[in-house]
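Colleague: I'm new to this one. Could you walk me through it with a few questions and answers?

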Amino acid sequence: MIALLTDFGLKDEYVGVMKGVIYSINSALKIVDLTHEIPPQDIIWGGYILYRSYKYFPRGTIFLALVDPGVGTKRDIIIMKVEGYYFIAPDNGLLSLIYEHSKSRRIVKVNQNKFSLKPLSATFQGRDIFAPLAGYLSRTKRLSNFGLEIDKLNVIKFPVPVVKTREIRASVIHIDRFGNIITNLEREFFQKLGWKNFKIVIKGKVIKGISSFYQKKDELIAIWESRNLLEIASPNGSASRLLGLKSKAALRIIKV
Amino acid sequence: MIALLTDFGLKDEYVGVMKGVIYSINSALKIVDLTHEIPPQDIIWGGYILYRSYKYFPRGTIFLALVDPGVGTKRDIIIMKVEGYYFIAPDNGLLSLIYEHSKSRRIVKVNQNKFSLKPLSATFQGRDIFAPLAGYLSRTKRLSNFGLEIDKLNVIKFPVPVVKTREIRASVIHIDRFGNIITNLEREFFQKLGWKNFKIVIKGKVIKGISSFYQKKDELIAIWESRNLLEIASPNGSASRLLGLKSKAALRIIKV
Amino acid sequence: MIALLTDFGLKDEYVGVMKGVIYSINSALKIVDLTHEIPPQDIIWGGYILYRSYKYFPRGTIFLALVDPGVGTKRDIIIMKVEGYYFIAPDNGLLSLIYEHSKSRRIVKVNQNKFSLKPLSATFQGRDIFAPLAGYLSRTKRLSNFGLEIDKLNVIKFPVPVVKTREIRASVIHIDRFGNIITNLEREFFQKLGWKNFKIVIKGKVIKGISSFYQKKDELIAIWESRNLLEIASPNGSASRLLGLKSKAALRIIKV
């Protein structure tokens, strides 16, 4: 099985053509769309989604992850194997979180020419280089076929909140389809701080504590969402609409 | 085969992750997207689409239907079998039309803990409870494995038009991709009234009778669309744009 | 394998229901979405995308291509076989480019009633006529089963740029997800002209020459994109946003 995570969207035929290329090489497999709506070139969010999603797929799944601001430049392409999962991606930090949280991994730097379509277009390596790679990897799964083994990959840092004595400064990093406001405060990160009593302030509104389910009686709540991030939600509607908040913004968690 | 109907949209990775969970349990099956663009929490429209769509799928298909304003509250989850089709849904009225139009059916109230992922998130039962259920149901199809049989489910009423002596008051309930305006007047409902001569009034415009195909010579027509609802269409363009109509609105059918 | 190209979008359940119909006839096959976001009724762009995409799919693939402004009128439906690929489409010009660039082809005019669902809806031939056709074709692939052989189909012309002595007048025909501006100037068309030195003028901005990759140092570049059309791009962002260009527009290529 191959799972795709890209910032290609579905407005164009880009994803469809990549599937054509993959099936041309291995018609027996399944291709699943994890998501194609990573914001254009947002390596941070793309990497986080991949990190929080991959374990829900069958072991052996090949993830083709394409958020690639450097397309056409000399950045490398890597294949990484972690716990029986395979990841194909540009070496631009997209795999940082999986890499850093893995106990062991194997990585190869891909020999790009060997498997590419010819002629190569100037703009669409997803079709010409990455899709064939995924197709051939699904046939053999032998990493040594694809390039030389390396130890390290390029790592970028997930922008964690700033912690002060009595205050955490966090950021909104995503607003989902339902208007839920997703922040960069991770559950593990917060729980290590051991705070008992606190309030959350966002756009002048105050929320007390963190709910354990969508309580309908409250206008605005905070809750740990399914990716383990702090979410601001309005159980009867859209928190984003309620707060007039359309994109990135700051929030504070204050000890009381 | 599992078919998915949700209000999750494709902006997030929610649907992709659910597919990962399902394939982890049963990698042999096919998953088909019926739609993920039911308006958030719109049980009426979601239920209608499911009711009008399911018979186009192969018998034996499992429909996982998730429009669930009550996620996280104590509402039940049900599996219903009708005419060889299977439906998994929250017991919130989403299956009303299929239930009421079925001659016979079997329903079980699901033992939610038995099949769920652990730990359960606070916000994403689609991934943690419903996807595993669909996966396991596809493996056995034995309803008794999933909970105790019940007789009835929660039913909500589809908002039918108001009929007076010489006038029907109907509502716009959907505008499709092409700008076709879909109303809540069902063909069967209207034909039972036996009206011969009538005009349709919407936003000050008058349409005479109902066309049997997209007649290009008329600016605005009424037609029975593919879900058996009355549609207002502009065969050369978008009726929605022509009328400046973006969301819900009223229309009248007047006997002449 | 069946690949779908339509202008149906994903806002509605139309595509999902068609898949249900196809799988009801042939549950063994794979259905791939090439794209459903062809602009409503845009035969030119739909036909171009299909022409530039089909060779990336495995030979034997059946393309169901539905951009059909004439739905419900008496236009024919055709099946064309070219180089081992199959195309089902309304006979409205959608297959023009593939037809004209093929060395040999077989075409049948489909006997529409033979394979259709009954009763036929007034509005959704994709579900009632085309999906069953695709399903049955995937089972036999014998064209003679579906209608009588014909020689020609309706052809429409792709709107090529106007060439003058020292100037080419081209048009923007698409803006993609990344804000890349796609024009109607094809690489082959331009290279036949043999121009060496030229500048490109769009919305008052001047671009010198054509880049062979996304050069990050320039604000605005021209590049041959993956469909072999001239693209105006902003390697660090969105050319569309940079130029304030949201839809169709003109550009000039001027000999210097």
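Modeller: Happy to! This is a predicted model. Let's start with A:A131, which lies in helix 5 (residues 125-140) of chain A.

Colleague: Is A:A131 buried or exposed?

Modeller: A residue counts as buried when its relative accessible area is under 20%. For A:A131 that value is 0%. Because 0% falls under that cut-off, A:A131 is buried.

Colleague: Which residues is A:A131 in contact with, leaving aside its neighbours within four places in sequence?

Modeller: Contact here means heavy atoms within 4.5 Å. A:I88, 43 residues apart from A:A131 along the chain, has its C-alpha atom 9.7 Å from that of A:A131. With the neighbours within four places set aside, the contacts of A:A131 are A:M18, A:V21, A:I22, A:L64 and A:G126.

Colleague: Now the two chains: what area is buried between chain B and chain A?

Modeller: On the contact side, 34 residues of chain B meet 28 residues of chain A. In chain B, the residues losing the most area to chain A are B:K11, B:E13 and B:T123, together 23% of what that side buries. Carbon and sulfur atoms give 56% of the buried area, which comes to about 2500 Å².

Colleague: Which side chain of chain A meets B:E13 in a salt bridge?

Modeller: Good one to look for in the picture! There are 3 salt bridges between chain B and chain A. In the one with B:E13, the N to O distance is 2.6 Å, and the partner is A:R227.

Colleague: Which helix gives the largest share of the side of chain B that touches chain A?

Modeller: By class, that side has 16 nonpolar, 11 polar and 7 charged residues. The largest share, 8 residues, comes from helix 1 (residues 14-25) of chain B.

Conventions
Residues are numbered from 1 along each chain as its sequence is written. Chains are lettered from A and ligands numbered from 1 in the order in which they are written. This is a predicted model: local features need pLDDT of at least 70, side-chain atom pairs count only at pLDDT 80 or more; totals for chains, interfaces and linings use all residues. Side-chain values use heavy atoms; hydrogens and water are left out. Buried area is the accessible area (1.4 Å probe) that two parts lose on being put together, summed over both. A salt bridge is a side-chain nitrogen of Lys or Arg within 4 Å of a carboxyl oxygen of Asp or Glu. Helices (H or I, at least four residues) and strands (E, at least two) are DSSP runs, numbered from the N terminus. Ala, Val, Leu, Ile, Met, Phe, Trp, Tyr, Cys and Pro count as nonpolar, Asp, Glu, Lys and Arg as charged, and the others, Gly among them, as polar. Buried means under 20% relative accessible area, exposed over 50%, partly exposed in between (1.4 Å probe, protein chains only).
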